[in-house]
Amino acid sequence: MSQPASKVSLTGIKPTGEPHLGNLVGAIRPALDLVKRYESIYFIADYHALTSIRDPKLLRHYTRSVAATWLAAGLDPEQTIMYRQSDIPEIFELHWALSCVTAKGLMNRAHAYKAARDQNAAAGREDLDGGINMGLYNYPVLMAVDILIMESDVVPVGKDQLQHVEYAADIAGTFNHLYGDSYQFKIPQAVIPQEDTGRTLPGLDGRKMSKSYDNTIPLFLPEGQLKKFIRRIPTDSTPVEAPKDPDSSSVFQILEQFATPDMIADTRKRLTAGGVGWGELKNQLFEVLNHEIAPMREKYHALMEPDSELETVLCEGAEKARERAQCVLSSVRSAIGIGR
Ligand code: ADP
Ligand code: TRP
């Protein structure tokens with residue numbers, strides 16, 4: 001582990017789609033940055049994805065794809081722990097134990113569950129719970145277990161996951177109140193990396209790049225496709241000679257996340273002065289992006305081969321993670337009166 005490695009940071013990634021540029025900028029890079037400051041744990045939350053993905057081939061593909069992406073982006077399995085959630089059976093035993101100390105009312109108030117009910121209400125359905133599975137309802141408890149079983153201190157998440165980390169702290173608090181004389185969970189804290197740095201990448205329609213808007217630039221497109229996607233980023237009809245506002249351009253905003261400070265400053269100057277067309281700026285963006293992504297793309301495709309080292313990395317990660325999980329679960333079992 002890296003030095004000093006006293007506090008534990010845990011990141012969970014739900015494998016529900018192909019990783020895109022926004023994920024790299026807003027989640028992968030900042031999470032990899034934490035390796036310097038924390039003992040870092042990363043896992044693929046494949047059982048969480050099961051609440052929405054019903055195609056077994058696709059779930060397996062996304063799970064491998066997320067793992068390969070993080071490794072290709074620089075996650076070092078020697079320095080960190082990376083595993084598949086489903087490889088840690090202790091998580092699912094603790095899930096039951098913690099469900100039994102979690103107030104149902106807390107789950108009723110969870111944002112994702114409430115949003116699903118609101119959608120039913122808006123569609124005029126009589127049964128507001130229609131189409132909602134128990135996995136979605138119990139999701140926050142499983143997430144709390146992910147966090148607590150690894151004795152995490154900090155959890156880097158997007159804003160939408162903040163409530164879940166608060167729930168984990170809340171559930172840990174309830175457990176500690178009931179059984180604290182025998183075992184105490186660590187109380188975790190959320191950190192929001194992209195808020196610290198203001199990194200939100202726009203997508204192909206100018207809105208936040210997101211799977212849900214179908215406006216993403218997937219990370220590992222072949223070169224020709226990457227060029228095509230970049231050409232689709234909307235621009236206005238300002239003529240080449242006219243001065244342009246860099247800050248209202250999605251192309252420039254993406255460039256800012258990948259170019260060197262010198263190149264950013266120079267491009268800003270040239271755009272403001274006029275004489276640079278959007279086509280030229282898009283070519284520049286392609287060159288810069290491709291320069292960073294090409295080596296990652298090659299690694300990613302090698303890892304996605306059926307006999308790559310991907311499976312070994314995940315199994316070795318699971319072994320390390322299970323050791324930690326078994327330790328915590330054994331203390332919990334003893335505290336609550338389960339087993340001998
Ligand atoms: P999506 O919106 O595509 O479904 P997720 O919700 O799965 O993406 O996000 C996974 C992680 O990537 C989160 O930490 C989220 O904050 C980050 N992320 C997603 N899209 C962007 C974006 N456009 N800019 C910055 N970060 C993003
Ligand atoms: N719910 C998170 C998401 O949708 C994924 C996740 C599952 C997670 N378990 C976690 C994140 C534990 C952090 C810690 O993005």
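In this predicted model, helix H3 (residues 56-72) and helix H13 (residues 278-304) pack against each other at an angle of about 140°, and the two helices are therefore oblique to each other. Their axes lie 9 Å apart, and the crossing that H3 and H13 form is right-handed. An angle counts as roughly antiparallel over 145 degrees, so the value of about 140° for this pair leaves H3 and H13 in the oblique class.

On the H3 side, the residues that meet H13 are His-61, Arg-64, Ser-65, Ala-68, Thr-69, Leu-71 and Ala-72. Their counterparts in H13 are Met-296, Lys-299, Tyr-300, Leu-303 and Met-304. Sorted by class, this contact of H3 with H13 comprises seven nonpolar, three polar and two charged residues.

As for handedness, H4 passes H14 in a left-handed crossing. From H4, the contact draws on Pro-89, Glu-90, Glu-93, Leu-94 and Ala-97. H14 contributes Arg-322, Ala-325, Gln-326, Leu-329, Val-332, Arg-333 and Ile-336. The make-up by class is seven nonpolar, one polar and four charged residues for the contact of H4 with H14.

Attention now turns to the surroundings of ligand 2. This ligand is surrounded by 13 residues, and the closest of them are His-48, Tyr-139, Met-143, Asp-146 and Gln-161. Several of these residues also place polar side-chain atoms beside nitrogen of the ligand, as the following distances show. For Tyr-139, a polar side-chain atom lies 2.6 Å from a nitrogen atom of ligand 2. In the case of Asp-146, an N or O atom of the side chain is 2.7 Å from a nitrogen atom of the ligand. The side chain of Gln-161 likewise has an N or O atom 2.8 Å from a nitrogen atom of ligand 2.

Terms used:
Residues are numbered from 1 along each chain as its sequence is written. Chains are lettered from A and ligands numbered from 1 in the order in which they are written. This is a predicted model: local features need pLDDT of at least 70, side-chain atom pairs count only at pLDDT 80 or more; totals for chains, interfaces and linings use all residues. Side-chain values use heavy atoms; hydrogens and water are left out. A crossing is left-handed if the near helix is turned anticlockwise from the far one by less than a right angle, and right-handed if clockwise. Helices (H or I, at least four residues) and strands (E, at least two) are DSSP runs, numbered from the N terminus. Contact means heavy atoms within 4.5 Å. Ala, Val, Leu, Ile, Met, Phe, Trp, Tyr, Cys and Pro count as nonpolar, Asp, Glu, Lys and Arg as charged, and the others, Gly among them, as polar. A residue is near a molecule or strand if one of its heavy atoms lies within 4 Å of it. A polar contact is a pair of N or O atoms within 3.5 Å; within protein, one must be able to donate a hydrogen and the other to accept it, and residues adjacent in sequence count only if both atoms are side-chain atoms. Axes are lines fitted to C-alpha atoms, for helices over the stretch in contact, and angles run from 0 to 180 degrees between N-to-C directions. Angles under 35 degrees count as roughly parallel, over 145 as roughly antiparallel, 65 to 115 as roughly perpendicular and the rest as oblique.
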